Amino acid sequence: MRLLNTDEIESAVYRAALHAGVNLTDSCRAAMSAAYEGEDESAAKFALGKLIENSDVACGNAMPVCQDTGMAVVMLDIGDEVFLTGKPLREAVNSGVRRAYADGYFRKSVCDPITRKNTADNTPAALHTEIVSGDKVRLTFMPKGFGSENMSALYMLKPAQGVEGIIDAIVQTVKKAGSRPCPPVYVGVGIGGTFDGCAYLAKRALTRDIGTHSDREDIAEIEREALRRINELGIGCQGFHGKTTALGVSCEWAPTHIAGLPVAVNIQCHCVRVVKEVI
Amino acid sequence: MKTLTLPLTKEQVKKLHAGDSVLISGVILTARDCAHKRITEYIAEGKQLPFELKDAIIYYAGPCPAKPGMASGSCGPTTSARMDSFAPALLDLGLGGMIGKGEMCPEVAEALIRNTAVYFAAIGGAGALYGSAIKKSDCIAFPDLLSEAVYRLEVENFPAVVAMDCYGGNIYR
């Protein structure tokens, strides 16, 4: 048994949030540079160049890379040998988010769904906890902007639709979103599980580095084929046409019911901001 | 690359075509979801708006707070399609144009033609770059809406692309 004060989790959330708001992931930077190099369409190349310049300006001035500093998605994989002490976990996470969004001069984008009144401190975080084995806590922090979140979708396919149905669902979701989610996008896909679990798998897929593939070959092939078909759509950076509509497709899977084939497609804009830390 | 100084005359608008890259300098006003809802309520109730709509350019954006010593925090565009239902009425009241990201609906395209107005696409996600192009920022209406309030921004060399012009030209098509 390891005693862990939730103050340590609060500090980790605080550090991760401050870093994530300003910095793209290395894999995102590399994918954007490759897209710029390969682009021939003039407006799309202009926009890709400005976006690369933007991430340099953000790092240089410690300014948010995008003004939509998102809802704070916090995933905690908590080892079953960890005994948490101190303030309640949810309070610790929200306190880390609250302090980081104030100190980082980040936008506060969380509101009541009905009255639309802003909570003014970007809390509560969207907190997901999983119990895993071991004596560590793995934190994944991802600020999630809603221009892209709004373009996400969940489908309850028929089992007979199979792999072709899955790829169609992914490609059609990106096609329907068009220029609105700030392409080039990163596409997180959940395959299987239940209605709710499938959406979580899609979110989890977005925390993987761009360019990585599932260790299941049949699913890795879905990732490659969906990406190929998405980039044939010709939407391009910002909808200005060209070669790169998506930077990557990542799929996570879980066993499902004999009667169903849930597929969730979670769209992420080109501002991929993910920070991971083991506590 | 064209350089544009605001406010735009109708003659200047007529020279803009979808796909043109431009650098904008001058005054623009931010307004997004909640501000549009409130502007619409003011108009419906016949109340005077706290700013001049005629020939104004509305920027669909909600900035981050400014750090000490900076005029603005990061301030890139938000998705314009959410303002589709508001834009035609504002254009008919004299709004000169909008800046946002992503395609707007055919009713907006018709209102741009009818009023010789223009819709620019800023580069979505380039928040830090746009924040740096803002030289002065003042909240001029609805401060209770926080980042969704109306800010008067003085911008210099603000990069954008003509997305929908006054002839029905549309970069997304």
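1. Start with strand β7 of chain B. Of its 15 residues, 11 are buried, so the rest of the structure largely encloses β7(B). Buried means that 20 or more other C-beta atoms lie within 10 Å of the residue's own; exposed means 12 or fewer, and partly exposed is in between, with C-beta atoms placed from the backbone. Strands here are DSSP runs of E, at least two residues, and helices are runs of H or I, at least four residues, both numbered from the N terminus. This is a predicted model, in which local features need pLDDT of at least 70 and side-chain atom pairs count only at pLDDT 80 or more, while totals for chains, interfaces and linings use all residues. Residues are numbered from 1 along each chain as its sequence is written, and chains are lettered from A and ligands numbered from 1 in the order in which they are written.

2. Which strands pair with β7(B)? Strand β2 (residues 21-30) of chain B runs antiparallel to β7(B), with eight bridges between them. Strand β6 (residues 134-141) of chain B is also antiparallel to β7(B), joined by six bridges. Strand β5 (residues 118-121) of chain B pairs with β7(B) in the antiparallel sense over three bridges. Two strands count as paired if DSSP finds at least two bridges between them.

3. B:Leu29 stands opposite B:Arg152 in β7(B). B:Phe120 has B:Val162 of β7(B) as its bridge partner. For B:Ile134, the partner in β7(B) is B:Val155.

4. Now look at where the chains meet. Chain B puts 36 residues in contact with 34 residues of chain A. Contact means that the C-beta atoms of two residues, placed from the backbone, lie within 7 Å. On the chain B side, α5 (127-133) and β7 (150-164) are the elements that give two or more residues. The largest share, five residues, comes from α5(B). By class, this side of chain B has 18 nonpolar, 15 polar and three charged residues. Nonpolar covers Ala, Val, Leu, Ile, Met, Phe, Trp, Tyr, Cys and Pro; charged covers Asp, Glu, Lys and Arg; the others, Gly among them, are polar.

5. Chain A is divided into domain 1 (2-22 + 65-144) and domain 2 (147-274). These bounds come from an automatic or database domain assignment. Taken over C-alpha atoms, the centres of the two domains are 25 Å apart. The contact between them takes 11 residues from domain 1 and nine residues from domain 2. On the domain 1 side, α1 (6-22) and β5 (137-144) of chain A give two or more residues. β5(A) gives the most, with four residues. That side has six nonpolar, three polar and two charged residues.

6. Is α1(A) mostly covered or open? It is mostly covered, with 12 of its 17 residues buried. Among the buried ones are A:Ile9, A:Val13, A:Tyr14 and A:Leu18. From first C-alpha to last, α1(A) reaches 25 Å, close to the 24 Å expected at 1.5 Å a residue. The expected span is 1.5 Å times one less than the number of residues.

7. Where do its buried residues lie? A:Cys28, A:Ala31, A:Met32 and A:Ala35 are buried. Seen down the axis of α2(A), the buried residues fall within an arc of 100°, so they line one face of the helix. The arc is that of the directions from the helix axis to the C-beta atoms. An α-helix has 3.6 residues a turn, so residues three or four places apart point the same way. On the other side of α2(A), A:Asp26, A:Ser33 and A:Glu37 are exposed. The cover over the buried residues of α2(A) includes α3 (42-61) and β8 (246-254) of chain A.

8. Finish with two single residues. A:Leu4 sits in strand β1 (residues 2-5) of chain A. A:Leu4 has 20 C-beta neighbours inside 10 Å, so it counts as buried. Not counting residues up to four places away in sequence, A:Leu4 touches A:Val82, A:Leu84, A:Thr85 and A:Val137. A:Glu277 is found in strand β10 (residues 275-278) of chain A. With 16 C-beta neighbours inside 10 Å, A:Glu277 counts as partly exposed. Leaving out residues up to four places away in sequence, A:Glu277 touches A:Ala12, A:Ala16 and A:Leu139.
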